[in-house]
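Subject: Structure handover

Hello,

Please find the structure below, with notes on what turned up in it.

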Amino acid sequence: MRDEETESLWDHMTGRCLRGRLEGAELERFNVRIVSLDRLRAECPGARFLGDGVGLREYGKPNLTSPGAWFMRVFGRKAMRVMFRAKAGEDNAGVMPSHFLASFDGQVDARLPKLANGLGVLSGREARFYPMKAVKAAGGALKEELDGRTLEVAMEPGEPPRAQWEGGGEPFQFLSRWYGWSVSYPGTSIFEAEARAP
């Protein structure tokens, strides 16, 4: 992403400035919770969201003048489906255009398919990627040690995985495709359900 004030280029996962006047600076990171529309409606009545190809809206009331609406009209779901040729329910299906891959500052790690979905977790200097397929294979819930603490990763039906520390609190986490996480956090470890089966 690029900021308008200095036109510096930033990595949205790490918060590091890659190029520009602020190169080397780091932003504070915040978790973004991704939930289903049903959960959003239940937990946050009256919330506004970006979706349905019309952009920012209140429930049942499209706002076609918002920047989000413009983005979705121009680059909406249809364009993203064509770009990635992804099929619903397949977390590593599709092809990415070569010009998109060429825009990365690092190499995509070949240990997983580029488009594999998962949850990236960062604690201290330790980064780990939890592929959705591996979390499902572990029964949708797992506990393991990360950075000297017990981490719980859970995935409810219809919801993406979420990580929290045993006893409360959350590490930095990012729902991502493998290509994005592996470029931003080179050398990251990967959770493998088979290796932890009893």
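**The cavity**

The count comes to one cavity of 30 Å³ or more. A cavity here is a set of points on a 1 Å grid over the protein atoms alone where a 1.4 Å probe fits but cannot get out. Grid points are joined across faces, edges and corners, and a volume is the space filled by probe spheres set on the points. The space in the largest cavity is about 60 Å³.

This is a predicted model, in which local features need pLDDT of at least 70 and side-chain atom pairs count only at pLDDT 80 or more, while totals for chains, interfaces and linings use all residues. Residues are numbered from 1 along each chain as its sequence is written, and side-chain values use heavy atoms, with hydrogens and water left out.

The largest cavity is lined by Val-32, Ile-34, Leu-119, Pro-160, Pro-161, Arg-162, Gln-173, Phe-174 and Leu-175; a lining residue has an atom within 4 Å of a point. By class, the lining residues divide into seven nonpolar, one polar and one charged. Nonpolar covers Ala, Val, Leu, Ile, Met, Phe, Trp, Tyr, Cys and Pro, charged covers Asp, Glu, Lys and Arg, and the others, Gly among them, are polar. Strand β11 supplies the largest share of this lining, with three residues.

**The chain as a whole**

The protein chain has six helices and 12 strands. Both are DSSP runs numbered from the N terminus: H or I over at least four residues for helices, E over at least two for strands. Of the 198 residues, 36% count as buried. Buried means under 20% relative accessible area, exposed over 50%, and partly exposed in between (1.4 Å probe, protein chains only). Among contacts (heavy atoms within 4.5 Å) with a separation of 6 or more, 42% are between residues 24 or more positions apart.

Two strands pair if DSSP finds at least two bridges between them. Strand β7 (residues 126-131) and β12 run parallel and are joined by two bridges. Within this pair, Arg-128 has Ser-189 of β12 as its bridge partner.

Arg-128 also forms a salt bridge with Glu-126, the closest N and O atoms being 3.1 Å apart. A salt bridge is a side-chain nitrogen of Lys or Arg within 4 Å of a carboxyl oxygen of Asp or Glu. Arg-128 is buried, with a relative accessible area of 9%, whereas Glu-126 is partly exposed at 26%.

Strand β8 (residues 141-146) and strand β9 (residues 149-154) pair in the antiparallel sense over six bridges. Leu-146 is partnered by Arg-149 in β9, and Glu-145 stands opposite Thr-150. Two residues lie between the strands of this hairpin, where Asp-147 takes a positive phi near 55°. In a regular strand the side chains alternate between the two faces of the sheet. In β8 the covered face holds Leu-142, Glu-144 and Leu-146, and the uncovered one Ala-141, Lys-143 and Glu-145.

Strand β9 pairs in turn with β10, antiparallel, over four bridges. There the bridge partner of Glu-152 is Gln-164 of β10.

**Salt bridges**

A search of the whole structure finds eight salt bridges. Lys-143, exposed with a relative accessible area of 53%, meets Glu-152 in one of them (3.6 Å, N to O). Lys-143 also forms a salt bridge with Glu-166, with the closest N and O atoms 2.9 Å apart. Because Lys-143 lies in strand β8 and Glu-166 in the loop between β10 (162-165) and β11, this pair ties together parts that are 23 residues apart in sequence. Glu-166 is partly exposed, with a relative accessible area of 42%.

Regards

Note on methods: 1 Å grid on protein atoms, 1.4 Å probe; cavity = no way out; pocket = protein on both sides within 12 Å on 5 of 7 lines; lining within 4 Å.
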